[in-house]
Amino acid sequence: HPQQWLSKRKAVFKQFTATLEPLGLMARQRAPWDDAAFRTGALELQRLSTQPWPYFTADGNYPPTRARPAVWERPAEFKQAQDDYLAAVAALVAAAGRGGAEAGRPAVEQVEKACKACHDRFRNAAPGG
């Protein structure tokens with residue numbers, strides 16, 4: 001497949017998950033709150049946040065993609081979902097700059113909601129799931 005777009009975007013999404021999970025654990029009080037680690041994670045998520053979208057090209061729509069056809073059929077809606085995610089990540093970075101769990105918890109929740117909203121509209125469930 002040209003340029004292996006699917007592999008490239010999947011790799012970035014795996015990095016999203018690995019970066020967001022520790023923040024979520026802190027936000028849900030399943031790990032000790034650490035302002036420095038939270039800020040570092042938020043900044044890393046922001047660095048990653050723009051990376052997967054260019055890989056959603058017409059020639060990147062091949063099996064085993066889990067992207068729904070809506071990604072290509074409704075590009076304006078897909079772009080809005082991206083923008084919503086980017087805004088949530090920017091708010092997360094701002095909250096991390098303020099420090100403290102009181103600011104961080106709702107910001108993590110908003111990022112997670114943006115992820116879920118996009119998945120619900122533009123991603124198929126895992127095979128067998």
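This is a predicted model: local features need pLDDT of at least 70, side-chain atom pairs count only at pLDDT 80 or more; totals for chains, interfaces and linings use all residues.
**Exercise 1. Determine the location of Thr65, its burial and its contacts.**

Solution. Begin again with the chain: Thr65, too, is found in the loop between helix 2 and helix 3. Its relative accessibility is 19%, and because the cut-off for buried is under 20%, Thr65 counts as buried. Next come the contacts, where Leu6 and Arg9 are touched by Thr65 once residues up to four places away in sequence are set aside. Finally, consider a pair given by its distance: Thr65 and Leu23 stand 42 residues apart in sequence, and their C-alpha atoms are 27 Å apart in space.

**Exercise 2. Examine the backbone at Pro63 and Pro64 and at Gln29.**

Solution. As background, most residues other than glycine have a negative phi, and most peptide bonds are trans. The bond that joins Pro63 and Pro64 is a cis peptide bond, with omega at about 15 degrees, and Pro64 belongs to the loop between helix 2 and helix 3. For Gln29, phi is near 60 degrees, which is a positive value in a residue other than glycine. The place of Gln29 is in the loop between helix 1 and helix 2, and since exposed means over 50% relative accessible area, its value of 59% makes Gln29 exposed.

**Exercise 3. Describe the largest pocket by its volume, its central residues and the make-up of its lining.**

Solution. The volume comes first, and for the largest pocket it is about 760 Å³. Of the 29 residues in its lining, those closest to the centre are Phe13, Lys14, Thr17, His119 and Arg123. The elements giving two or more residues to this lining are helix 1 (5-27), helix 4 (75-98) and helix 5 (101-122), and the largest share, nine residues, is that of helix 1. Sorted by residue class, the lining holds 18 nonpolar, three polar and eight charged residues.

**Exercise 4. How many helices and strands does the protein have, and how does its radius of gyration relate to the globule rule?**

Solution. Counting the elements gives five helices and zero strands, and read from the N terminus their order is α-α-α-α-α. The radius of gyration is 15 Å, close to the 14 Å that the globule rule gives for 129 residues, so the protein is as compact as a globular protein of that length. Along the principal axes, the C-alpha trace spans about 45 × 25 × 25 Å. Turning to the contacts with a separation of 6 or more, residues 24 or more positions apart account for 78% of them. As for the surface, 36% of the 129 residues count as buried, while the accessible surface comes to about 7300 Å², with 57% of it belonging to carbon and sulfur atoms.

Note on methods:
Residues are numbered from 1 along each chain as its sequence is written. Side-chain values use heavy atoms; hydrogens and water are left out. On a 1 Å grid over the protein atoms alone, a cavity is a set of points where a 1.4 Å probe fits but cannot get out, and a pocket is an open set with protein on both sides within 12 Å along at least five of seven lines; lining residues have an atom within 4 Å of a point. Grid points are joined across faces, edges and corners, and a volume is the space filled by probe spheres set on the points. Helices (H or I, at least four residues) and strands (E, at least two) are DSSP runs, numbered from the N terminus. Ala, Val, Leu, Ile, Met, Phe, Trp, Tyr, Cys and Pro count as nonpolar, Asp, Glu, Lys and Arg as charged, and the others, Gly among them, as polar. The radius of gyration is taken over C-alpha atoms; the globule rule is 2.2 Å times the number of residues to the power 0.38. Buried means under 20% relative accessible area, exposed over 50%, partly exposed in between (1.4 Å probe, protein chains only). Contact means heavy atoms within 4.5 Å. Accessible areas come from the Shrake-Rupley method with a 1.4 Å probe; for residues, only the protein chains shown count as cover.
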